[in-house]
Each structure stands twice: as C-alpha cells, then as structure tokens.
Amino acid sequence: MIESVSFFARHALGFFLQLAPCSVLCFLPFLPPTLRFSKERTLACVVVAEALMALVFPLFIVAFDEQQLAANLYMLAAVLLLAMAYFALVREALAKKLLVIVLVMFYAFTQYCAVVLLLPFLNGGNFSDETYTARALALWAVTTAVMFPVGVAVSLKVVRDYLREIEPANMGRDFVAVMVVSVGYFAVVIGYNTVIDYSRPDQVALFAPLLLLLFVQEGLAWWLLMRESVRRKRDGERQKALEIQRLQYDNIMHEMESARRMRHDMRHYLGGLANLLDRGALGEARAYLGEVARRGEGGVGARYCENAVVNGLLQHYVGLAEDEGVRCDVQAACDDVAVSAPDLTVMIGNAMENAVRACTEMPEGERWLRVRIGVIGGSMAVQIENPCREVRLAGARRASDGFLPAAAFASTRQGGGLGLASIERAARAYDGEASFRFDEPARTFTTRIRVNASL
C-alpha cells in the first residue's frame with residue numbers, strides 16, 4: 001500500500017514538475033490584452049489543468065505493461081493539448097506564438113538532457129524502469145528550482161520586450177535565425193544522444209560540458225538576437241523622433257519669433273494709423289488697415305493653448321491638415337505640465353502625423369480632424385479622432401474589441417511605422433497609458449493618451 005502511494009505521488013509530482021513550468025512560460029511573455037482572458041485566470045486554469053493531468057498520469061501508466069511507452073504517449077498527448085490551448089488563448093501573430101513555443105522547447109529539452117545526464121551518476125550508472133524514481137524526482141525538482149526563475153526573468157524582460165516592440169511583418173529574419181540556431185542545437189544534442197552510452201559515467205562526463213556549452217551558446221544567441229532587434233527598432237524610432245522634434249522646434253521658434261516681430265511692429269502700425277486718422281484720411285486709413293492685415297496673415301498661427309510646445313505642435317499639424325483641405329476642430333486647454341518637450345513631441349506629434357496622413361488618404365469632403373486636449377486632476381488627456389480608410393490588426397484581433405494597445409496594430413505602410421509603440425512607451429514613462437480604436441463601420445480612428453502631468 002505504501003509503495004503504491006509512493007509510486008502515485010512520485011509520478012504525479014514528476015509529471016507536474018516536467019510540464020507545468022513549460023506551460024507557464026508559454027503564456028508569460030504575452031501582455032494581458034493579447035490573451036483572451038486575464039493573465040491570472042489563464043495561468044490559473046493552465047496550472048489546474050496540468051495538476052489534473054498529473055493526477056491521472058500514474059493511473060494511466062500502471063494499466064500498461066510497457067510503462068515507458070505509455071508515459072511517452074501520455075506526455076505527447078498532454079503536450080498536444082497544451083499547444084492547442086496555447087494557440088487558442090493567445091491572440092497574437094502566428095510568428096510570435098511559434099517563436100515562444102521554440103524558446104520553451106529549448107528550455108524543456110535542456111532540462112530533460114540535464115536530468116538524463118545526471119541521473120546515471122546517482123544511480124550508479126544504471127537507469128530504472130520507472131519514469132520518475134525518487135532520485136529522478138529530486139533532479140527534476142532541483143533543475144526546476146534553478147532553471148525556472150531564470151526562464152521567468154528572461155520571459156518578462158527579454159522576450160516580452162521583443163514581442164511588444166517588433167511587428168510580425170519585421171520578424172522574418174529574426175524568426176529564421178532562431179529556427180536555424182534551434183534546429184542546430186537540437187540536432188547536435190540528439191546526435192550525441194544516439195551514440196552515448198549513459199551507463200558509462202566517463203562518456204556522460206565528456207558529454208556534459210558540451211551540453212552546457214551548447215546551452216550557454218544558444219541562450220546568448222537568442223538573447224543577443226532579440227536585444228539587438230529591439231535596440232535597432234528603438235534607435236530608429238528615437239532618431240525619427242529627434243528629427244521630428246527638431247523640425248517642430250524650428251516651427252515653434254519661427255512662430256514665436258513671428259509673434260515677437262508682430263508685437264514689435266504693432267506700435268509702428270498703430271502710430272501710422274493714428275496719424276492718418278488725425279489727418280481725417282479715412283480712405284487711406286482703411287487701405288492701411290487692409291495692408292497690415294495682409295502682412296499679418298501667416299505671421300502668427302491660431303493660439304490653441306498656453307503651453308508653448310503643445311500650441312506649436314497643433315499650429316504645425318493643423319496648418320498641414322488645412323493645406324490638404326482637412327476640416328479641423330481643435331479644443332485645447334493646457335498650461336505648464338510636468339511632461340518634457342521631447343515626450344510631448346513624440347506623443348502628440350506622432351498622433352497628429354498619423355491623423356493628418358490618414359486624412360489625406362480620404363476623398364475630398366471626407367477629410368476632418370477632431371482634437372481634444374485638457375488637464376484634469378493632474379492628468380493630461382489627449383484624444384484625436386480622424387477618418388481612416390484601413391487598419392490592419394495583429395494576430396486574432398478584431399476592430400470590435402474596442403480600445404487596444406499599440407501591439408494590436410500592424411503597420412500598413414512600407415517598412416512599418418505608425419509610431420503607436422512610441423506613443424505608448426512615452427505615456428508609460430509618466431505612469432500613463434495610450435490606447436487606440438478603429439471603428440470599422442464609421443471608418444474612424446481614435447487615439448487616447450493619458451499621462452500624469454502634475455508639476
């Protein structure tokens with residue numbers, strides 16, 4: 001009886017230790033909006049499902065004479081069920097989901113090889129017919145305690161950054177590189193596994209350093225690949241933002257200089273007008289006023305708010321929009337805020353640039369732009385609405401899902417773009433958020449930004 005209970009407990013716990021961490025790592029890198037349910041609920045359901053399968057596992061294998069074969073078949077069935085659940089619950093591009101699966105396979109394969117290599121030393125060079133002996137279970141527990149925290153850290157820091165920053169359309173080269181490195185790793189390990197005699201500790205001792213070297217090399221290759229891809233994208237966005245900022249600052253300074261000159265010249269204009277009125281030359285005074293008005297056109301744009309950066313950005317982009325025949329409705333109430341000029345430029349500049357570009361793709365008569373900017377309770381809120389001909393959503397997203405994060409949208413422009421991720425990243429720097437919605441029936445795109453703007 002005691003042996004039966006021990007057998008049941010060891011195999012149930014061993015099965016759970018082998019599969020549950022891999023299940024968690026599959027879902028961990030994805031942001032909550034890309035999951036059909038909340039991350040907490042998803043992970044809880046996955047872990048519970050793994051626990052139930054683990055309880056059935058020992059009952060299943062004892063029903064067969066070939067327990068190793070039965071264990072492998074049951075494990076394969078469990079992995080297939082997990083994969084089906086994974087692809088159904090994650091609403092992301094296929095390339096991103098496949099990339100995470102490959103990374104988790106690398107984790108699982110490496111842990112399995114580590115257990116297989118170390119087990120003969122504990123068993124005196126012998127293997128047991130049981131799938132999970134007490135020593136094997138101890139090895140699974142130790143390797144999980146060592147590897148799982150590392151896997152969690154990499155998933156949350158490196159893999160999540162990559163999935164959030166890189167669009168599926170730009171993943172081709174990275175995906176091929178990961179697959180080539182992974183296939184090479186698996187092929188080398190499997191090749192050595194077919195020729196090594198695990199009953200001979202001397203051969204195992206020779207193979208173990210090679211496995212460790214391959215593991216480190218593979219991990220570094222993936223880490224460098226992902227970090228470099230994210231760095232390239234961020235550097236490109238940063239350079240683009242700096243160029244936009246430089247152009248917009250030039251425009252702001254031009255507007256301010258024009259306003260200064262206008263104020264400086266106003267005294268002379270008023271003096272000239274007073275002189276004409278004193279002489280009773282009403283006709284000349286009227287013509288003089290017309291000339292002054294013409295000179296003032298374009299000298300000072302409309303004043304939208306007291307914040308010089310926001311006002312300059314609105315003047316710049318509203319001017320571009322009106323030149324394209326866009327009807328603009330702008331309401332802005334914004335004074336000094338605790339948001340840097342570069343970040344204001346990235347958020348409002350990118351959003352306005354996208355809106356104006358979308359308007360120019362619409363037929364004349366259907367071009368309009370609505371902008372609302374205000375500060376309420378220490379938070380700066382921005383909402384920009386514009387007509388939009390087309391939006392491509394990433395993964396299994398639908399337009400009816402409402403406001404979505406930047407990662408839900410794939411660029412429709414050659415070479416990527418849109419800058420939505422830059423807007424979102426700048427908003428997060430101020431404990432804020434940015435979300436976007438495409439109303440398909442109305443063909444309207446809305447950008448919402450909220451940031452902590454307390455001075």
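Is Leu 59 buried or exposed, and what relative accessibility goes with that label? In this predicted model, Leu 59 has a relative accessibility of 55%, so it counts as exposed, because the label "exposed" starts over 50%. Leu 59 sits in helix H2, which covers residues 39-61. Along the chain, Leu 59 and Phe 7 are 52 residues apart, yet their C-alpha atoms are separated by 10.0 Å.

Together with Phe 8, Val 48, Leu 52, Leu 55 and Val 56, Leu 59 makes a nonpolar surface patch of about 540 Å². Helix H2 supplies the largest share of the patch, with 5 residues. Leu 52 also has its place in H2, and with a relative accessible area of 51%, Leu 52 is exposed too.

In soluble globular proteins, nonpolar side chains tend to be buried together. The largest nonpolar core here has 49 residues, and Val 310, Leu 314, Met 352, Ile 373 and Met 380 are the ones with the most contacts inside it. Elements giving two or more residues to this core include helix H9 (308-323), helix H10 (341-360), strand E2 (368-376) and strand E3 (379-387). The largest share, 9 residues, comes from H10.

Take Ile 373 as a close-up. Leaving aside residues up to four places away in sequence, Ile 373 touches, among others, Val 310, Leu 314, Ile 348, Met 380 and Val 382. Another core, of 28 residues, lies apart from the largest one, and its members include Cys 22, Leu 28, Val 159 and Val 230.

Key: Residues are numbered from 1 along each chain as its sequence is written. This is a predicted model: local features need pLDDT of at least 70, side-chain atom pairs count only at pLDDT 80 or more; totals for chains, interfaces and linings use all residues. Side-chain values use heavy atoms; hydrogens and water are left out. Helices (H or I, at least four residues) and strands (E, at least two) are DSSP runs, numbered from the N terminus. Buried means under 20% relative accessible area, exposed over 50%, partly exposed in between (1.4 Å probe, protein chains only). Patches are made of residues with over 30% relative accessible area and no salt bridge: like charges are joined within 9 Å, nonpolar side chains (Val, Leu, Ile, Met, Phe, Trp, Tyr) within 5 Å. Accessible areas come from the Shrake-Rupley method with a 1.4 Å probe; for residues, only the protein chains shown count as cover. A salt bridge is a side-chain nitrogen of Lys or Arg within 4 Å of a carboxyl oxygen of Asp or Glu. A nonpolar core is a set of buried Ala, Val, Leu, Ile, Met, Phe, Trp, Tyr and Cys residues joined through side-chain atoms within 4.5 Å. Contact means heavy atoms within 4.5 Å.
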